[in-house]
Amino acid sequence: MVAGSVDYLKIQFDYSRRYFNEFISDRPHLKDYLKPDETPTLLIDLKGVKSRYIEIKYHLPFVKIYYAVKANDHISIISSLAELGSGFEIASTEELKKVLSFGVSPDRIISSNPIKPMDFIEYAYRHGVDRFAVDSFVEVDKISKVAKRSRVYVRIVVPNEGSEWPLSKKFGLDIDTALEVLEYAKDKGLIPYGITFHVGSQCNNYRNWFIAIKLASELWEKARRKGINLQVLNMGGGLPVRYMYEALRVEDIAYYVKGLLQKYFPKLPHEVQMEPGRGVVGDQGIMITRVIGKAKRGEEHWLYIDTGVFNGLAEALGGIRYPFYVEREGPLKEWTIGGVSCDSMDVVAKSVALPEPEVGDYVYILSAGAYTNVYASNFNGFPAPKIVAV
């Protein structure tokens with residue numbers, strides 16, 4: 001290394017080591033689970049999940065929280081949040097069945113997927129769930145056929161810049177079309193209920209919240225002038241968690257959002273909602289894997305682990321960069337992390353700084369609590385991670 005130059009490998013590994021040590025020192029009850037006989041294992045801190053939910057409620061006391069079940073649908077997480085009084089956002093019959101199995105009443109459940117299977121809409125309505133997001137005329141037609149007098153909230157498109165997982169292309173309407181959909185829903189016998197948006201998953205850009213709330217207020221006023229009195233503003237998800245960089249804190253986002261609402265909604269809607277998923281569970285889990293192989297290919301050092309993008313780490317394909325840690329000392333090398341399958345797409349990460357591990361060593365992947373087990377398959381015959389929630 002040239003004198004005076006920055007040692008990026010050391011900075012990266014020191015960050016991961018500090019993160020790992022802080023995580024475990026704050027959670028001594030997890031120490032006995034760090035070296036499981038069976039890997040891969042996803043270790044979830046239920047106390048941390050509860051604490052994060054309470055933290056969000058504390059900083060946003062006027063907001064009704066609906067946990068987005070898609071982020072992690074493990075029964076222990078649903079049960080823990082149900083006991084705290086959380087609401088739930090669901091998108092499928094199976095998710096709804098899980099939530100209902102813990103005695104959650106239908107008035108604590110919403111469905112914000114703008115495009116839903118007909119059989120799901122019918123099943124949800126039959127079980128008392130009658131609040132659905134829409135972003136098309138066709139969706140209004142579907143709901144009006146099997147879930148008459150349901151309450152519908154329209155999704156508008158908002159900027160997703162600065163979000164790790166943008167969601168603005170697949171869903172959402174401009175505000176003029178959204179107004180037409182609300183009017184159409186009223187004509188079809190449904191109840192125009194509110195407005196929803198999503199600033200993008202893992203959002204670290206305040207501007208997205210600013211534009212979204214401003215646009216929502218414009219649509220709210222246009223609807224009022226048309227004789228449609230909306231009741232609910234749903235602010236979706238987007239609360240970020242820590243990966244290979246620090247994230248905006250819940251309290252800072254809450255402070256900013258409260259200011260925006262005071263400006264653009266001087267009289268708060270009857271109900272303000274939020275649907276955190278990753279923001280509740282994302283940094284409350286560690287994926288514990290083992291080294292199954294090493295190789296040098298040209299100038300690249302490859303490290304192979306017993307899970308991969310098809311078995312729990314699919315978000316790596318979309319740009320999520322997890323912190324990796326091994327309990328080894330020694331000179332750092334730059335590694336490419338390969339997954340367990342024989343598919344060439346199964347590359348979990350590149351340019352990962354680690355000391356030389358050996359086959360059989362544990363590799364800890366931090367901030368793996370969200371969108372890991374729910375994405376996992378048994379591709380190539382390799383199992384999805386075992387889940388331990390304590």
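**Close-up 1. Cys342, the residue that an unreviewed UniProt entry marks as "active site".** The UniProt record places this feature at Cys342, with positions given in the numbering used here, feature names shortened, and annotations that may be inferred rather than shown by experiment. The model is a predicted one, in which local features need pLDDT of at least 70 and side-chain atom pairs count only at pLDDT 80 or more, while totals for chains, interfaces and linings use all residues. Residues are numbered from 1 along each chain as its sequence is written, and side-chain values use heavy atoms, with hydrogens and water left out. Cys342 lies in the loop between β15 (332-338) and β16 (347-355), where helices (H or I, at least four residues) and strands (E, at least two) are DSSP runs numbered from the N terminus. At 70% relative accessibility Cys342 counts as exposed (buried means under 20% relative accessible area, exposed over 50%, and partly exposed in between, with a 1.4 Å probe and protein chains only).

**Close-up 2. Lys70 in the loop between β2 (63-68) and α3 (75-83).** According to the unreviewed UniProt entry, Lys70 carries the feature "modified residue: N6-(pyridoxal phosphate)lysine". With a relative accessible area of 37%, Lys70 is partly exposed. When its neighbours within four places in sequence are left aside, Lys70 is in contact with Glu89, Glu95, Tyr371 and Val374, contact meaning heavy atoms within 4.5 Å.

**Close-up 3. Strand β1 (residues 41-44), covered on both faces.** In a regular strand the side chains alternate between the two faces of the sheet. In β1, Thr41 and Leu43 on one side and Leu42 and Ile44 on the other are all buried. Four bridges join β1 to the parallel strand β18 (residues 386-389), and β1 also pairs in the antiparallel sense with β12 (residues 285-297) over four bridges; two strands pair if DSSP finds at least two bridges between them. Ile44 has a bridge partner in each of these strands, Ala389 in β18 and Gly285 in β12.

**Close-up 4. Gln284, in the loop between α10 (278-281) and β12.** Gln284 has a relative accessible area of 2% and is therefore buried. Apart from its neighbours within four places in sequence, Gln284 is in contact with Phe23, Arg27, Leu43, Ile44, Asp45, Gly48, Val49 and Arg52.

**Close-up 5. Strand β17 (residues 362-365) and its pairing with β12 and β14.** Tyr362 and Tyr364 point one way from β17, whereas Val363 and Ile365 point the other way, and all are buried. The pairing of β12 with β17 is antiparallel and runs over four bridges, with Ile365 as the bridge partner of Met287. Strand β14 (residues 324-325) likewise pairs with β17 in the antiparallel sense, over two bridges, and here Tyr325 stands opposite Tyr364.

**Close-up 6. Packing of helix α2 (residues 46-59) against helix α9 (residues 250-264).** The two helices pack at an angle of about 30°, with their axes 9 Å apart; axes are lines fitted to C-alpha atoms, for helices over the stretch in contact, and angles run from 0 to 180 degrees between N-to-C directions. The contact is made by Arg52, Glu55, Ile56 and His59 of α2 and by Val250, Glu251, Ala254 and Lys258 of α9.
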